[in-house]
Amino acid sequence: MEMEFIGVILAGGQSRRFGSPKAFAKREGNSFYTYSAKALESYTSKLVLVTNPKLSPVFSQEGFTGEIISDCTEYAGQGPLAGIYSAMEKYSADWYIVSPIDVPFIDQAVIELLLSNIEPNVDAVIPVVAGKKQPLIALYHHNVKGLIKSKLDRGLRSVEKVLEDLNVHYLSIKDEQAFINVNSQVDYEKYIK
Ligand SMILES: Nc1nc2c(ncn2[C@@H]2O[C@H](COP(=O)(O)OP(=O)(O)OP(=O)(O)O)[C@@H](O)[C@H]2O)c(=O)[nH]1
């Protein structure tokens, strides 16, 4: 049976460390978030960008052509886990391919590798890069939605903690460059300029 994949771009953060919305910071003239969209688009039936009411018009103006939604009201602004849940709640699919907006070197090869490691009874496929779990560039099966909701209802917002309750396929990936995460101006100077 054909499986449906939806792309989820997590874009509702505050960018406090960066000082301005980092989704629109530029690498080679392109906004950071476009790299996430490009990496996901060929594998998904739909791209859902989950943001907040303040930023959503900016994504439209920038020309993002997928669905733009805000976090569901119960968990608005409660972090990436809330963003993942909000997309799952609004759009049903078998699998959700998740990416943040601050990984401007992310590429299709990473996503393809994750997809090729889907197995029966696996709830999530999570990369491990230089020994570190990367749960925001990952695949989640729709059947984890209820568990995520129950965590959020208890005020538990850690994505890593959710993994403890799932059947996770951890996948060691060597391409550290693809996972470069720009959180601050110092990171920007170091990796982009
Ligand atoms: N939808 C949604 N996405 C979020 C939320 N919080 C963070 N994100 C996204 O999750 C990813 C990782 O976010 P972080 O870098 O940890 O947090 P941030 O708020 O963007 O940045 P800081 O304020 O510097 O911590 C980014 O793609 C964010 O846009 C949220 O409450 N809702």
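## A binding-site residue

UniProt, in an unreviewed entry, places the feature "binding site" at Asp 102; positions from UniProt are given in the numbering used here, feature names are shortened, and annotations may be inferred rather than shown by experiment. The model is a predicted one, in which local features need pLDDT of at least 70 and side-chain atom pairs count only at pLDDT 80 or more, while totals for chains, interfaces and linings use all residues. Residues are numbered from 1 along each chain as its sequence is written.

Asp 102 is found in the loop between S6 and H4, where helices (H or I, at least four residues) and strands (E, at least two) are DSSP runs numbered from the N terminus. Asp 102 counts as buried because 25 C-beta neighbours lie inside 10 Å; a residue is buried if 20 or more other C-beta atoms lie within 10 Å of its own, exposed if 12 or fewer, and partly exposed in between, with C-beta atoms placed from the backbone. Not counting residues up to four places away in sequence, Asp 102 touches Lys 22, Phe 32, Asn 181, Val 182 and Asn 183, contact being defined as C-beta atoms, placed from the backbone, within 7 Å.

## Other annotated positions

The end C-alpha atoms of residues 7-161 lie 22 Å apart, and the span is 31% helix and 23% strand.

## Around the ligand

The ligand is surrounded by 23 residues, of which the closest are Gly 12, Gly 13, Arg 16, Gly 83 and Pro 100; a residue is near a molecule or strand if its C-beta atom, placed from the backbone, lies within 6 Å of it. Strand S4 (46-51) and helix H3 (80-90) each supply at least two residues of this shell, and H3 gives the most, with three residues.

By class, the shell has nine nonpolar, 10 polar and four charged residues, where Ala, Val, Leu, Ile, Met, Phe, Trp, Tyr, Cys and Pro count as nonpolar, Asp, Glu, Lys and Arg as charged, and the others, Gly among them, as polar.

## Strands and a covered helix

S4 and strand S5 (residues 67-70) pair in the parallel sense over four bridges, pairing being assigned if DSSP finds at least two bridges between two strands. From S4 the chain crosses through helix H2 (residues 56-62) to S5 in a right-handed β-α-β crossover, meaning that, with the strands pointing away from the viewer, the path from the first strand over the helix to the second runs clockwise. Within this pair, Val 50 stands opposite Ile 69 in S5.

Helix H1 (residues 32-41) is mostly covered, as eight of its 10 residues are buried, among them Phe 32 and Tyr 33. The elements covering the buried residues of H1 include S4, strand S6 (95-100) and helix H4 (108-115).

Note on methods: Two residues are in contact if their C-beta atoms, placed from the backbone, lie within 7 Å.
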